[in-house]
Every structure is written in C-alpha cells, then in structure tokens.
Amino acid sequence: MAMCEAIDKLFDTIDSDNNCSISKPEMDSAFRMFDTDGNGAISADEWVKVCSSLLKASDQQAKNAFEKLKKDANGEICVDSFYQIFQDMDCDGDGSISKGEFQSYWKQLLS
C-alpha cells in the first residue's frame with residue numbers, strides 16, 4: 001500500500017462518523033489508538049509501532065516524525081501536545097480537520 005493510501009485509510013479510521021472531517025472527540029479516539037498502553041502519553045515506541053502498522057512507514061520515518069513533534073518533559077506526547085497537532089493540522093481554523101489538511105500534514109511529517 002502506498003503512503004498516500006495509508007494516510008487516507010488512517011483518516012477514514014479516525015473519522016468515525018464518516019463526515020469527511022475529524023473533530024476533537026475523534027482526535028480523543030486517535031490519541032487512545034496511539035497510546036497503546038493507556039498511560040495518558042504516547043512514547044516513541046508506541047508512535048513507531050502505530051505509524052509502522054497503520055501508515056506502513058519505515059521505523060526511521062516514524063522516528064523522524066516523532067522527533068518533529070512537541071513532547072512533554074518525559075519525551076512523550078501528552079494529550080495537550082496531541083491537541084497541538086490537531087490545531088496544526090486545522091489550517092483553516094474551522095475546528096475540524098479535512099482530509100486535505102490531514103494528508104498535507106502527514107505527508108510533510110513523514111518526509
């Protein structure tokens with residue numbers, strides 16, 4: 001599966017109400033998808049496993065992407081940092097993420 005198709009599939013997975021946009025409640029679900037141990041933070045290992053599995057990204061691509069993201073003092077992505085990702089993706093500021101915004105963000109993050 002090509003990276004673009006994998007990004008689309010991830011978008012469709014997060015967009016649980018199938019309205020072609022991702023809302024903050026759907027981002028909550030996405031956070032839980034990445035926070036596989038349920039401790040309230042996304043570690044580098046969790047990030048790499050999910051990116052490798054869902055996006056078919058190489059471990060190195062996933063690690064590089066993780067390094068670009070804002071992390072807490074423990075080096076993990078906390079809920080607040082994850083919401084910053086949401087805000088960064090929401091280029092038009094309408095409070096939701098379109099498929100185009102999502103694709104653009106992930107392509108840049110994984111490049």
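In this predicted model, the largest nonpolar core is made up of 32 residues, and those with the most contacts inside it are Trp47, Leu55, Phe82, Phe102 and Trp106. At least two residues of this core come from each of the helices α1 (3-14), α2 (24-34), α3 (44-55), α4 (59-68), α5 (79-89) and α6 (99-109). In soluble globular proteins, nonpolar side chains tend to be buried together.

From the core we can turn to charged side chains. The structure holds 1 salt bridge, in which the side chains of Lys99 and Asp12 meet at 3.1 Å, N to O. This pair links distant parts of the chain, since Lys99 lies in helix α6 and Asp12 in helix α1, 87 residues apart. Lys99 is partly exposed, with a relative accessible area of 29%, and Asp12, at 41% relative accessibility, also counts as partly exposed.

Is Glu26 buried or exposed? With a relative accessible area of 4%, Glu26 counts as buried, because that value falls under the 20% cut-off. Apart from residues up to four places away in sequence, Glu26 touches Ile14, Asp15, Ser16, Asp17 and Ser21. One of these, Asp15, is 11 residues from Glu26 in sequence and 6.5 Å from Glu26 in space, C-alpha to C-alpha.

Definitions and conventions
Residues are numbered from 1 along each chain as its sequence is written. This is a predicted model: local features need pLDDT of at least 70, side-chain atom pairs count only at pLDDT 80 or more; totals for chains, interfaces and linings use all residues. Side-chain values use heavy atoms; hydrogens and water are left out. A nonpolar core is a set of buried Ala, Val, Leu, Ile, Met, Phe, Trp, Tyr and Cys residues joined through side-chain atoms within 4.5 Å. Buried means under 20% relative accessible area, exposed over 50%, partly exposed in between (1.4 Å probe, protein chains only). Helices (H or I, at least four residues) and strands (E, at least two) are DSSP runs, numbered from the N terminus. A salt bridge is a side-chain nitrogen of Lys or Arg within 4 Å of a carboxyl oxygen of Asp or Glu. Contact means heavy atoms within 4.5 Å.
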